[in-house]
Amino acid sequence: MLQTESIAPIDSILKFITHQTNFFAGTYCQGILIMIKNNGLKIDDLHSELPIIQGGMGIGISGSNLAAAVAEEGAIGVISSVGLCALNTDSSMDNKTASKETLKKEIRRAKEMTKGIIGVNIMVAVSDFDDLVNIAVNERADLIIIGGGLPLKNPVKKLGNIKTKILLKVSSARAANLIFKLWDKNHSNVPDGVVVEGPLAGGHLGFKPDKIDDPQNKLEILIPDVIQAVIPFRNKFKKDIPVIAAGGIFTGADMCKFIKLGANAVKMATRFVATKECDASDEFKQAYVNCKKEDIGIIQSPVGLPGRVIINDFTKKIVAGYKKPFNCPWQCLKNCNYKTAPYCISMALANAKRGNLKEGFVFAGANAYLVDKIVSVKELIKTIMYEYNAACSI
Ligand SMILES: Cc1cc2nc3c(=O)[nH]c(=O)nc-3n(C[C@H](O)[C@H](O)[C@H](O)COP(=O)(O)O)c2cc1C
């Protein structure tokens with residue numbers, strides 16, 4: 001491949017194409033592969049080299065190891081703050097303190113490992129939501145992705161002028177509109193970006209079970225709708241407010257499709273599980289490598305939301321009405337009543353993270369069956385960008 005800078009006539013073509021497109025693409029011109037400069041992702045004054053965010057995966061699946069490896073490759077790495085207390089092995093610490101201390105340690109560790117962009121995923125549904133937001137901000141996480149519920153108030157408003165960007169995760173234009181209007185009215189500001197998560201995502205889904213397959217909820221429909229909802233706020237606040245597509249995006253060709261639809265970037269989680277750097281056990285990763293399309297299904301989680309999983313003996317027992325009463329030492333989820341919940345979802349997910357799939361299950365996106373091997377993050381991102389270039393050739 002020739003360096004494009006060295007070819008004078010191609011320079012002007014490149015300038016023209018780069019001007020016309022807002023994304024990274026590769027094309028052949030007179031037999032020479034031209035790499036069009038990728039504009040990455042801009043979130044306010046934060047600039048990511050690649051338009052890829054690695055999705056936060058709770059109960060320790062995306063910790064500092066995975067997030068730092070992703071950030072090191074020029075994409076955005078995300079540590080999930082969800083359920084860190086379930087992984088606590090230090091009996092001298094109560095679980096709430098353990099959750100906060102572990103998050104602090106994970107952010108610091110990731111920031112020592114890379115100068116790239118590190119985000120934190122925090123769920124509104126967790127009982128220590130405000131504490132975790134404070135830690136992410138104080139530890140100078142570059143961004144926070146708020147999911148698992150709608151943040152009616154801007155959680156960082158009271159923390160003053162902070163550098164950490166706030167991204168809202170929604171599954172409909174209606175939800176985006178509601179939160180933007182509320183923050184505008186009550187705080188005179190709005191989120192710095194929106195992640196739109198469609199029904200093919202892994203883990204808990206933002207759709208009622210009977211709406212998961214509704215064609216109106218396809219990500220291809222949601223993205224243009226959310227862009228329309230955000231435009232008035234882009235104009236009013238004079239900021240970019242990128243819209244990021246998530247849920248079922250697996251290949252670079254998928255990525256190209258959503259960027260062509262107007263998304264500024266993509267968020268991918270499932271594809272990052274089967275990487276050497278992912279913080280899950282090898283058994284967890286192998287569940288991805290070994291699963292088939294028919295092994296991926298939906299269960300109703302004790303949290304009250306549907307969740308996409310790889311079906312195993314444990315999930316079959318759940319569906320059959322299995323109950324494992326437990327004493328809850330921490331009440332990690334605001335709406336979980338341990339006296340009536342059939343089993344502890346945090347424990348089941350922590351078991352799976354550690355490799356005990358007899359007592360747990362694996363969250364996975366609808367495309368997890370496409371995973372066929374474990375690779376390094378470097379190789380994976382190279383492959384995705386190669387696929388993207390091929391698909392976005394012009
Ligand atoms: C194993 C796993 C765990 C996840 N955990 C969380 C979580 O704790 N909080 C959250 O907001 N989203 C969670 N998600 C959703 C991802 O962050 C992401 O938005 C979604 O999976 C994107 O779809 P994809 O997996 O098809 O790429 C999880 C997804 C997976 C696969």
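Trainee: Looking at the model, how are α5 and α6 oriented to each other?
Mentor: They are roughly parallel to each other (under 35 degrees counts as roughly parallel, over 145 as roughly antiparallel, 65 to 115 as roughly perpendicular, the rest as oblique). This is a predicted model, where local features need pLDDT of at least 70 and side-chain atom pairs count only at 80 or more, while totals for chains, interfaces and linings use all residues. Residue numbers start from 1 along each chain as its sequence is written.

Trainee: And what angle and distance go with α5 and α6?
Mentor: The axes of α5 (residues 173-187) and α6 (residues 219-237) cross at roughly 15° and come within 9 Å. Axes are lines fitted to C-alpha atoms over the stretch in contact, with angles from 0 to 180 degrees between N-to-C directions. Helices (H or I, at least four residues) and strands (E, at least two) are DSSP runs numbered from the N terminus.

Trainee: Which residues meet there?
Mentor: From α5 come Ala173, Ala176, Asn177, Phe180 and Asp184, facing Leu222, Asp225, Val226, Gln228, Ala229, Val230 and Phe233 of α6 (contact: C-beta atoms, placed from the backbone, within 7 Å). By class, that contact has eight nonpolar, two polar and two charged residues (nonpolar: Ala, Val, Leu, Ile, Met, Phe, Trp, Tyr, Cys, Pro; charged: Asp, Glu, Lys, Arg; polar: the others, Gly among them).

Trainee: What about α7 and α12?
Mentor: Here the angle is about 55° and the axes are 7 Å apart, for α7 (residues 252-260) and α12 (residues 377-391). That makes α7 oblique to α12. On the α7 side, Gly252, Ala253, Met255 and Cys256 take part, and on the α12 side Ile384, Met385, Tyr386, Glu387, Tyr388 and Ala391. The contact of α7 with α12 counts eight nonpolar, one polar and one charged residues.

Trainee: Now the ligand. How many residues surround it, and which are the closest?
Mentor: The ligand is surrounded by 28 residues, and Gly55, Gly58, Gly147, Gly202 and Gly365 are the closest (near means a C-beta atom, placed from the backbone, within 6 Å). β7 (117-123) and β13 (265-268) are the elements giving two or more residues to this shell.

Notes
Two residues are in contact if their C-beta atoms, placed from the backbone, lie within 7 Å.
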